[in-house]
Amino acid sequence: MQTFDAEATRAALPFERLVPALRAQFAAGCTVPPRHVHEVAAGAETMTSLIMPAWTARHYGVKTVNIAPGNAARGLPGLHAAYLLFDALSGAPLALMDGAVITSRRTAAASALAASWLARGNARHLLVVGAGAVARLLPAAYRVVRPIERVSVWARRAEAAQRLAALLRDDGFDAAAVDALDAAAAAADVVSCATLATAPVVQGRWLRAGSHLDLIGSFTPAMREADDDAFAGAAIYVDTDEALAKSGELLGPMSRGVFARDAVRGTLAALARGEVPGRCDATERTVFKSVGTALEDLAAATLVWSTRRG
């Protein structure tokens, strides 16, 4: 069994290769059982562990994500993750990989993949809402599918937005932190949100015709990044149907009659297989909501494995 630490995992997942790999895996499909969620009690503290399996005829993979709120007091990250890849026929372990790197990079790549169908072909101005690990990766991922030149960054803490903008300038982007989120959203071709917000941050009335809204952060019923107006009149897509059952981003507006479940135009698999259309015209406003899937983890892990083997 080979081991890929964070640096080796990252090096094997350039977005130029990862985005097409996700597209191919969504088109081909794989088996993705429901994730397991366990509460692990250790004395007075409880850690949450997520176990996410997926497999094809060739590979079987399992990601374990451990979330320990008490780690802040220990000076440790609150989340740790590992990915195990096996041969699906023999069950032999092939590789152990950094799960946090796989998660962050496949998440950004999935947003870029959606944008390859949903953002206007001439989209050049990206607004990133948030300043965390996934937000840091979004411009590079988007640049694989659209000619992104200008990046605006907004975060609740201005200093975090400024730090991220400086890093993006080092990457060759015309990047700047912004204070007025409403004006930045109104000017952007693509608005991508990667936050842990529990109340709407982006308002639909700010978004202009022809824009694309990418919502990453809401993965529980209690979380939301955009208000109801962001969905009204928009062409809505999701990464998988699981998003319709677990994301407050969608559950709230559907319960209030903003849109019906059957009004959601399609999933990434349906787009990859050509079963549903993407953007229909330059003035259409599109929304993509993702909650993540083990299919993406498996696609990334098999790419790491194949890269190392040459």
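Predicted model: local features only at pLDDT ≥ 70, side-chain atom pairs only at ≥ 80, totals over all residues.
Author: Local features here need pLDDT of at least 70, side-chain atom pairs count only at pLDDT 80 or more, and totals for chains, interfaces and linings use all residues. Residues are numbered from 1 along each chain as its sequence is written, and side-chain values use heavy atoms, leaving out hydrogens and water.

Reader: What makes E2 and E3 a pair of strands?

Author: Strands are DSSP runs of E with at least two residues, helices runs of H or I with at least four, numbered from the N terminus. Two strands pair if DSSP finds at least two bridges between them; E2 (residues 36-42) and E3 (residues 45-55) have seven, so they pair, and they run antiparallel. Glu39 stands opposite Thr48 in E3. Two residues sit between the strands of this hairpin, where Gly43 takes a positive phi near 70 degrees.

Reader: How do you know that E3 pairs with E4?

Author: Eight bridges link E3 to E4 (residues 59-67), again antiparallel. Pro53 faces Val62 in E4, and this hairpin has three residues between its strands.

Reader: Why is H5 called roughly parallel to H6?

Author: The axes of H5 (residues 133-143) and H6 (residues 158-170), lines fitted to C-alpha atoms over the stretch in contact, cross at roughly 30 degrees, on a scale from 0 to 180 degrees between N-to-C directions. Angles under 35 degrees count as roughly parallel, over 145 as roughly antiparallel, 65 to 115 as roughly perpendicular and the rest as oblique, so H5 is roughly parallel to H6.

Reader: Which residues meet there?

Author: Ala135, Arg136 and Pro139 in H5 meet Leu164, Leu167 and Leu168 in H6, contact meaning heavy atoms within 4.5 Å.
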